[in-house]
Amino acid sequence: MAELDFERRLERLFAELPELPDAVAFAERVERRLDRGWTARRWLIGAAGVVGGVIGASQLMVSNVFQRVETAEDSARFLSTSVSHLSTSADWMAALTSGGAVVWVAAGLAVIMMGFVLTRVIGEI
Amino acid sequence: MPGSGHSRFASLHDVELCAYSATGERRAFGELVRRHGSAVRGVLRRMGAQGAEADDVAQDAFLTAFERIAEFRGEGTFAAWVKKIAARLYLRRLQRDRKLGALTAEAIEDEPETPRGDADAAIDLEEALKVLSATERLCVTMCFGAGLSHTEAAEALNLPLGTVKSHVKRGLEKLRARLAPEDGAVLEGRRGNG
């Protein structure tokens, strides 16, 4: 019993630690290290994004994507002309496909979606 | 700027601060460090870490705690959780610096003399711990200060469970002789009668 009492007393003694005089300074040092880590992480993500963007842009240039888009525009125009010849009642489809706007709208939506996904991923990290 | 937003979190409970910290709120975690930093540093000093070393390990322990805050389920107190992390980090540092083996090998033969305490004198724990050998101090502080079980301490120290229990027992006897000599006399009397 005396042993148990002593062990409880010892636990209390261990728990009674006086606040050190530089407690606030210590906490600020830890906060600074946290901030530094956070800033470094953001720079890393940003740098990775820039590198990824540059690689992506160069790949687009290499693969002649603009030429392909022009071809797709021509195809869309040809399709809309063909469809308007087939049926005069399909005016709405011609409006939709005119000038290859669909291609550009789809590309824009894809970019917005990718931006959204990227934002979520960065948020999760 | 560190320290700003301090007042916003000062009134919150540890559990709420942990919840904020889990969302990445660093100022909330800073408030936890302000509250429990001294306790964590104190445990490390009692384990035998010197001032600057104790502070380094304590900082690392808090950074680790921030990274792993989602793992903290609130089953014990936040302070106890960080103390355990700090104790393990300190042991890892000792192992890395190859000091742990030397400390545990020194153990039994090379024990310091245990002076008898004066019941009337106000002897604090810090002074009492000085009469323990390095291993005994580590074991007792890990179990009573950092809240590790004997098994956890044995695993962290890489020592057999029985050895850790022996160190704790011997350490407690020395502390009792120092902090509560009257209890020791009672125990001796009981042993003599039994």
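Select chain A of this predicted model: read along the sequence, its elements follow the pattern α-α-α-α-α. Chain A has five helices and zero strands, where helices (H or I, at least four residues) and strands (E, at least two) are DSSP runs numbered from the N terminus. Buried residues make up 17% of the 125 residues in chain A; buried means under 20% relative accessible area, exposed over 50%, and partly exposed in between (1.4 Å probe, protein chains only).

Residues are numbered from 1 along each chain as its sequence is written, while chains are lettered from A and ligands numbered from 1 in the order in which they are written. Local features need pLDDT of at least 70, side-chain atom pairs count only at pLDDT 80 or more, totals for chains, interfaces and linings use all residues, and side-chain values use heavy atoms, with hydrogens and water left out.

**Chain B as a whole**

Next, select chain B, which has 11 helices and zero strands. Of its 194 residues, 51% count as buried. Among the contacts in chain B with a separation of 6 or more, 64% are between residues 24 or more positions apart; contact means heavy atoms within 4.5 Å.

**Helices H3 and H5**

Select residues 26-47 (H3) and 78-96 (H5) of chain B. These helices pack at an angle of about 45°, with their axes 9 Å apart. Axes are lines fitted to C-alpha atoms, for helices over the stretch in contact, and angles run from 0 to 180 degrees between N-to-C directions. H3(B) and H5(B) are therefore oblique to each other: angles under 35 degrees count as roughly parallel, over 145 as roughly antiparallel, 65 to 115 as roughly perpendicular and the rest as oblique.

To display the contact, show Phe29(B), Leu32(B), His36(B), Ala39(B), Val40(B), Val43(B), Leu44(B) and Met47(B) on H3(B), and Phe78(B), Ala79(B), Val82(B), Lys83(B), Ala86(B), Ala87(B), Tyr90(B) and Leu91(B) on H5(B). By class, this contact of H3(B) with H5(B) comprises 14 nonpolar, one polar and one charged residues. Ala, Val, Leu, Ile, Met, Phe, Trp, Tyr, Cys and Pro count as nonpolar, Asp, Glu, Lys and Arg as charged, and the others, Gly among them, as polar.

**Helices H5 and H8**

The contact involves Lys83(B), Tyr90(B), Leu91(B) and Leu94(B) of H5(B), together with Leu138(B), Met142(B) and Gly145(B) of H8(B). Its residues divide into five nonpolar, one polar and one charged.

Arg92(B) lies in helix H5 of chain B and counts as exposed, at 52% relative accessibility.

Move on to Asn158(B), in the loop between helix H9 (150-157) and helix H10 (161-179) of chain B. Its phi is near 60°, a positive value in a residue other than glycine. Asn158(B) counts as exposed, with 65% relative accessibility.

**Helix H10**

Finally, select H10(B), whose buried residues include Val164(B), His167(B), Val168(B), Gly171(B) and Leu172(B). At 1.5 Å a residue, the 19 residues of H10(B) should span 27 Å, and its end C-alpha atoms, 26 Å apart, agree with this; the expected span is 1.5 Å times one less than the number of residues.
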